[in-house]
Amino acid sequence: MNTDTIYPKVREIVADVLAFDEPEIQRDGSLVDDYSAESIDFLDLVYQLEREFKIKIPRGMIEQEARHGLSDDEFEENGRLTDKGLEQLKAYLSEVPEDRFTPQMQVALIPALFTVETICKIVLRELDRGEQAASS
Amino acid sequence: MFHFVDQILELDPGRHARGVKHVTPGDTFVRPTAGGVPALLSCIIGEALGQLGAWNVMAAKDFAVRPVAGVVGGVAIAGEASVGDTLLLDTTIDSVTDDAVFYHAVASVDGTEVLRLENTLGPLLPMEQFNDPEELRERFARIHRPGDPPEAPQPDGDPAVPFDLSFDEILSLEGGKEATAVRQITGREPFLADHFPRKPVLPLSLLLESLLQLGQKLLEDGGPRYVPTGARKVKMTRFVEPGSSLVAKIRVVERSAESALLRFRCEVDGGRACVGEAEYSAAAGESR
């Protein structure tokens with residue numbers, strides 16, 4: 001399975017949660033910048049995705065996975081990304097345009113980078129995880 | 001007074017609760033009905049259900065956090081609760097995380113369902129920002145009486161004056177199509193004292209009630225009379241605080257001889273504050 005498979009459903013849910021018409025939702029659109037997503041929308045979105053795909057999206061999962069191999073100190077300093085952390089995050093969120101990342105950006109603002117494709121990747125990762133758990 | 005759970009009959013922390021709300025002559029949030037006996041506003045029944053869910057979560061989390069209005073996936077209005085009726089409130093929590101509570105709930109009168117909430121999400125925020133935790137603990141201790149029979153409180157004084165939910169001004173209204181209205185939150189609204197003592201904000205329930213009424217006005221164009229039957233995908237994105245000027249836009253999306261679907265969007269300072277859909281059905285045999 002790849003993100004193409006789940007994109008139509010994810011787009012439908014994103015449109016629904018953010019009160020847009022489906023055709024207005026672009027795969028590389030930023031949830032925050034392009035569709036004005038607020039914190040309640042993220043809660044709602046995660047809940048709707050969990051229900052639809054029967055997955056559990058752990059809180060802070062993105063940050064956890066993005067720091068892949070880096071310790072807390074290597075990844076962030078006082079709530080802001082280190083240079084190393086930023087590079088790691090860019091590689092991890094490869095679908096997000098380069099110019100949206102800023103040096104020493106706040107860790108809390110990472111979700112503001114998310115595009116619709118990021119959401120697809122998160123869902124896909126959790127679906128894969130679920131399959132692995134079921135087959136092991 | 002903006003507290004609507006008179007007694008908690010059963011409480012399974014973090015999972016389920018049952019409680020009652022007596023509809024008394026002293027209730028402020030009532031509206032006149034054709035039968036002459038005033039009925040509680042539907043959205044206040046929803047508020048009572050939400051408050052029961054809130055008591056459950058707050059007790060389960062030792063009053064460290066409280067839920068606030070977030071998303072209501074569906075409200076279904078099936079009947080009414082008149083003065084003299086006792087509402088049985090039943091709230092089931094589907095899940096609680098560190099951030100939010102998800103629940104559904106049903107209110108009934110004498111075994112007949114009057115209102116249902118589906119797919120409701122309330123973000124959990126630090127209690128200290130909204131209420132004095134001790135005050136809520138005390139209130140909880142007063143209403144959490146699982147063994148006692150549900151008894152209606154004695155009426156005190158004169159019947160309350162129904163609360164005015166209308167917008168201050170309708171800026172535009174194109175009958176059967178769309179309307180724009182504005183309401184100023186002055187800070188003098190009596191419900192702000194309880195909602196919430198440390199952070200007064202417009203309750204979603206009252207906003208929704210006024211939107212349902214505005215939609216009803218929009219549908220009055222000589223055809224059948226439409227009555228609200230519920231709402232869907234209602235989401236409160238930000239707090240509407242005193243000093244805010246709330247601009248509501250509502251438009252008809254679908255309409256037939258039997259039913260109508262309207263979509264609304266409320267903004268404060270150009271930012272989205274609340275969106276959702278309102279549902280109506282044509283009252284049988286009535287026209288004006």
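How many nonpolar, polar and charged residues does the lining of the second largest pocket have? By class, 13 are nonpolar, five polar and 18 charged, where Ala, Val, Leu, Ile, Met, Phe, Trp, Tyr, Cys and Pro count as nonpolar, Asp, Glu, Lys and Arg as charged, and the others, Gly among them, as polar.

The model is predicted, with local features requiring pLDDT of at least 70 and side-chain atom pairs pLDDT 80 or more, while totals for chains, interfaces and linings use all residues. Residues are numbered from 1 along each chain as its sequence is written, chains are lettered from A, and side-chain values use heavy atoms, without hydrogens and water.

The volume of the second largest pocket is about 930 Å³. A pocket is an open set of points on a 1 Å grid where a 1.4 Å probe fits, with protein on both sides within 12 Å along at least five of seven lines, and lining residues have an atom within 4 Å of a point. Of the 36 lining residues, A15(A), D16(A), A19(A), K233(B) and E277(B) are the closest to the pocket centre. Helix α1 (residues 3-18) of chain A supplies the largest share of this lining, six residues.

Chain B has three helices and 15 strands, assigned as DSSP runs (H or I, at least four residues; E, at least two). Its C-alpha atoms fill a box of roughly 50 × 40 × 35 Å along the principal axes. Of the 288 residues of chain B, 49% are buried, that is, under 20% relative accessible area with a 1.4 Å probe, protein chains only. Among contacts in chain B (heavy atoms within 4.5 Å) between residues at least 6 apart in sequence, 70% join residues at least 24 apart.

Conventions. Grid points are joined across faces, edges and corners, and a volume is the space filled by probe spheres set on the points. Buried means under 20% relative accessible area, exposed over 50%, partly exposed in between (1.4 Å probe, protein chains only).
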